[in-house]
Amino acid sequence: MADMGAVQERKIVVAIDEGKESIYALTWAIKNVVSQNSSNDTIILLYAKPQRAVYSTLDGPGNLFSSYVIMSMEKYSKEVADCVIEKAKRVCKGLQNVKVETMIENGDAREVICDAVEKIGADVLVMGTHGYGMIKRAFLGSVSTHCAQNVKCPVLIVKKPKSS
């Protein structure tokens with residue numbers, strides 16, 4: 001029989017990107033969600049690396065220029081992902097009893113986040129919001145809204161206060 005007093009491990013997925021909103025959400029989660037008094041919390045820093053656009057006019061057999069451009073784009077994309085992850089890991093550096101893991105997945109952020117949360121079995125998803133207006137959100141789509149409607153765990157959407 002399980003010990004009723006035992007605290008279950010929590011997996012807290014924090015979706016991060018290049019924006020300051022996601023770092024704010026991570027900082028907020030550390031202060032308000034993560035329990036530093038027990039060793040039962042794991043923060044999973046999740047970055048969705050956008051897929052590169054396909055340029056069929058550049059692609060072709062023996063086209064060295066296109067191979068160079070594609071390799072350069074891939075290298076840059078990896079550097080951006082590594083930079084974002086490192087920045088988020090620095091925010092987590094002072095945590096005492098909390099495990100921090102990282103995960104970089106390729107694809108559309110909406111699908112990557114929803115799939116990863118399910119695969120991990122997350123207890124909560126924390127994400128920032130860019131605070132787009134209704135028209136911009138209609139054209140670009142809201143990653144946070146999509147995830148809130150499609151994941152099975154609770155979702156905390158943290159809005160960065162406007163600077164005065």
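Which residue's side chain meets that of Lys 152 in a salt bridge? Glu 118 does, at 3.5 Å, N to O. Point 4 returns to this pair.

1. Basis. This is a predicted model, in which local features need pLDDT of at least 70 and side-chain atom pairs count only at pLDDT 80 or more, while totals for chains, interfaces and linings use all residues. Residues are numbered from 1 along each chain as its sequence is written, and side-chain values use heavy atoms, with hydrogens and water left out.

2. Main core. The largest nonpolar core has 24 residues. Such a core is a set of buried Ala, Val, Leu, Ile, Met, Phe, Trp, Tyr and Cys residues joined through side-chain atoms within 4.5 Å. Buried means under 20% relative accessible area, exposed over 50%, and partly exposed in between (1.4 Å probe, protein chains only). Val 14, Ile 16, Leu 26, Ile 43 and Leu 45 have the most contacts inside this core. Two or more residues each come from strand 1 (10-16), helix 1 (20-32), strand 2 (41-49), helix 2 (64-92) and strand 4 (124-129). Helix 2 gives the largest share, 6 residues. Helices (H or I, at least four residues) and strands (E, at least two) are DSSP runs, numbered from the N terminus.

3. Ile 16 and the second core. Contact means heavy atoms within 4.5 Å. Leaving aside neighbours within four places in sequence, Ile 16 is in contact with Ser 22, Leu 45, Leu 46, Tyr 47, Ala 48, Val 84, Ile 85 and Ala 88. A second, separate core has 18 residues, including Val 13, Met 103, Cys 114 and Leu 125.

4. Salt bridges. Side chains of opposite charge can pair when their charged atoms come close. The cut-off here is a side-chain nitrogen of Lys or Arg within 4 Å of a carboxyl oxygen of Asp or Glu. The structure holds 6 such bridges. One of them is the opening pair, Lys 152 and Glu 118. That pair links distant parts of the chain, 34 residues apart. Lys 152 sits in the loop between helix 5 (143-150) and strand 5 (155-159), and Glu 118 in helix 3 (residues 109-120). Lys 152 is exposed at 73% relative accessible area. Glu 118 is also exposed, at 55%.

5. Two further pairs. Asp 82 and Lys 78 meet at 2.7 Å, N to O. They are 4 residues apart in helix 2, so about one helical turn separates them. Asp 82 is partly exposed at 32%, and Lys 78 is partly exposed at 46%. Arg 110 forms a salt bridge with Asp 108, with the closest N and O atoms 3.2 Å apart. Arg 110 counts as buried at 19%, whereas Asp 108 is partly exposed at 36%.

6. Ser 35. This residue lies in the loop between helix 1 and strand 2. Ser 35 is partly exposed, at 26%. Not counting residues up to four places away in sequence, Ser 35 touches Arg 10, Asp 41 and Val 98. Ser 35 and Asn 97 are 62 residues apart in sequence and 8.3 Å apart in space, C-alpha to C-alpha.

7. Cysteines. How many disulfides are there? The count is 0, where a disulfide is a pair of cysteine sulfur atoms within 2.5 Å. The closest cysteine sulfur to that of Cys 114 is in Cys 147, 4.0 Å away and therefore too far for a bond. Cys 114 is buried at 10%. Cys 92 is buried at 4%.
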